[in-house]
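Thanks for coming. I will go through one structure, starting with its strands, then its cores, then one of its pockets.

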Amino acid sequence: MLVGLDVGTTSSKAVVFTAAGRPVAQGRSVTPWTTTVHGAEMDPTAVLDSAREALANALAEAPDGTVVAVGVTSMGESGVLLDGRGAPLGPVIAWHDTRDRAEVDDLVATVGAGPFARHTGLPLRGQWSLTKHRWLLDHHPQLRDATRRLNIAEWVVRGLGGEESAEQSLASRTGWLELSTRTWWPDALDWSGATRALMPELVTAGTPLGRITAEAGLPRLTGAVLTVAGHDHQAATVGVGASGPGDELDSCGTAEALIRTVPIGLDGAAVEKLASAGITTGWHVLADRWCLLGGTQGGLALQRILALLGRTSQDLPDLDREALARDEPPVTISGVDEDVLTVSGVGSGMSPAHLWRAALEAVTAQAAHVHSAMSAVAGDHHTLVVTGGWARSQALLEVKRRVLGPLRSPAVDEAGARGAALLAGLAAGVYADPAEFPALD
């Protein structure tokens, strides 16, 4: 068997799979954020304990058999600073925390949005690791003694007994990695107070990184091969079979993410154009591929409208059916990516189904804007796969088909964990290469 562990913003999800890619058990634990006067952060040891808890919960439900490998994928941007003994020196700052506003402003003034995008593939905003790293050094001087910096999945692998590494898709979310050369960018390191020595060796997801030790406290996993499975969104493309050149994954959760796999080598002007549209360009979990990633708050908008209607997810089948029976309504909804949704055009005779249909049209239009911005630079997509909690809405899938074209929506609950498990199988030699990964039923 293979285990995929997805350490996410809300929770860690561990899923046990057969070598044929079928789930047989899963476990979950809460990601232990705390709120301080500065913002959202957590103790590195606590997130490692949470990951162990999710693994233990999954193994308690798993059938008899040998687990040969464990792959760990995670949220990006957040990281852990370690001393020479490998002990954490300070807190993990949440990727969505905004305490680094002054640092972002200084990076804009010092480097500029255009050059930053061309070097890193990232829009210059308050999300990436380098500005939070500079904040940490300014506010926790003891962290200047750090000798290693790891992303979350890399830290968990190390904590289970694995080797230190910098996986390329996670490195692409830091602001330190130069996109075109796949090397650390000296100017970004210097600006943030980091050094080349702080960074471990760059690897690709699926690289074997040692084995789980007895000290990890998970006896059934002792001896299993470990690998870092990279950024959770890219791992999900592997999990649903949407990681070929031109494939696109539309992950419809609370936040909607569109992930397009592309060949390496877009020029600087193209990368900057994508960044100006809020789309990142980075290295994929698979070798010799890049990944475009853009997102919307479409899922959150749908949840707001559903709550406004006094409905729950249990009501979706009936609400979807009624919405599809209506012509496109005169009601319009704007502000999908803003704090306030604006609903207009509500006249007499409007039903909840009209408003729901309007919400589906609005969030799909927002996703289509991101999709079109990718296509304008990278060309037409090849295959569109839609997953996530909102993919349960048949009406949303129908609207997406009309706007975006043919799609498939496989039945997979934890795409990131499945991708992590398959990459673990690659590390352990269960699969000779990604072409052997089992397809979804």
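I begin with β4 and strand β5, residues 40-42, which pair in the antiparallel sense over two bridges. Strands here are DSSP runs of E, at least two residues, and helices are runs of H or I, at least four residues, numbered from the N terminus. Two strands pair if DSSP finds at least two bridges between them. Within this pair, Thr 35 stands opposite Ala 40 in β5.

Before going on, the model is predicted: local features need pLDDT of at least 70, side-chain atom pairs count only at pLDDT 80 or more, and totals for chains, interfaces and linings use all residues. Residues are numbered from 1 along each chain as its sequence is written, and side-chain values use heavy atoms, with hydrogens and water left out.

Back to the sheet. The order is β4-β5-β8, three strands in an open sheet with antiparallel pairing. β4 (34-35) and β8 (92-93) each have a single partner strand and stand at the edges, so one side of each is left without a neighbour in the sheet.

Another pairing is parallel: six bridges join strand β6, residues 69-74, to β14. Val 72 stands opposite Val 228 in β14. How many residues of strand β14 are buried? Seven of the seven, residues 225-231, so β14 is largely enclosed by the rest of the structure. Buried means under 20% relative accessible area, exposed over 50%, and partly exposed in between, with a 1.4 Å probe and protein chains only.

Now the cores. A nonpolar core is a set of buried Ala, Val, Leu, Ile, Met, Phe, Trp, Tyr and Cys residues joined through side-chain atoms within 4.5 Å. The largest has 41 residues, and Phe 116, Leu 130, Trp 176, Trp 184 and Met 199 touch the most other members. Elements giving two or more residues to this core include α2 (101-110), α4 (129-139) and α12 (352-378). Leaving aside neighbours within four places in sequence, Leu 130 is in contact (heavy atoms within 4.5 Å) with residues including Leu 107, Phe 116, Trp 176 and Trp 191. Apart from this core lies another, of 39 residues, and Val 72 is among them.

Last, the second largest pocket. Its lining has 17 residues, with Gly 21, Pro 23, Ala 411, Val 412 and Leu 440 nearest its centre. A pocket is an open set of points on a 1 Å grid over the protein atoms alone, where a 1.4 Å probe fits, with protein on both sides within 12 Å along at least five of seven lines; lining residues have an atom within 4 Å of a point. β3 gives the largest share of the lining, four residues.
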